[in-house]
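Here are a few notes from my pass through this one. Have the structure open while you read.

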Amino acid sequence: PLVGSQLISGKLNESNYYETIRVKEVMIRRKEPGWVHLDGEPYEMSDRLHVKVVPSNLKVWVPENFKE
């Protein structure tokens, strides 16, 4: 519960259960396959998750009349 409230309040970085590690590529290995949440959506995945950052690969479309 504490981690959830820290996430909502924007203070997750103050938690003893959270750590930020900046990498360009990472392989996450788990004890067994199971469910994960990616961007809030549940997915059933294997025991390995390979993540790679591809610079300048995210394309965002906005309406022509968009104002900041």
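1. Let's begin with V51, which sits in strand 4, the run covering residues 48-52. Keep in mind that this is a predicted model. V51 is partly exposed because its relative accessible area is 36%, a value between the 20% and 50% cut-offs.

2. Now the largest pocket, which holds about 190 Å³ of space.

3. On the backbone side, most residues other than glycine have a negative phi. D39 is not a glycine, yet has a positive phi of about 55°. Where is D39? Look in the loop between strand 2 (34-38) and strand 3 (41-45). Buried or exposed? D39 counts as exposed because its relative accessible area is 80%, and the cut-off is over 50%.

4. S56 is another one to check by eye: its phi is positive at about 60°, and S56 is not a glycine either. You'll find S56 in the segment after strand 4, the strand that holds V51. With a relative accessible area of 74%, S56 is exposed.

Key. Residues numbered from 1 in each chain as written. Predicted model: local features only at pLDDT ≥ 70, side-chain atom pairs only at ≥ 80, totals over all residues. Heavy atoms only, no water. Helix = DSSP H or I, 4+ residues; strand = E, 2+ residues; numbered from the N terminus. Buried < 20%, exposed > 50% of the residue type's maximum accessible area, 1.4 Å probe, protein only. 1 Å grid on protein atoms, 1.4 Å probe; cavity = no way out; pocket = protein on both sides within 12 Å on 5 of 7 lines; lining within 4 Å. Points joined across faces, edges and corners; volume = space filled by probe spheres on them.
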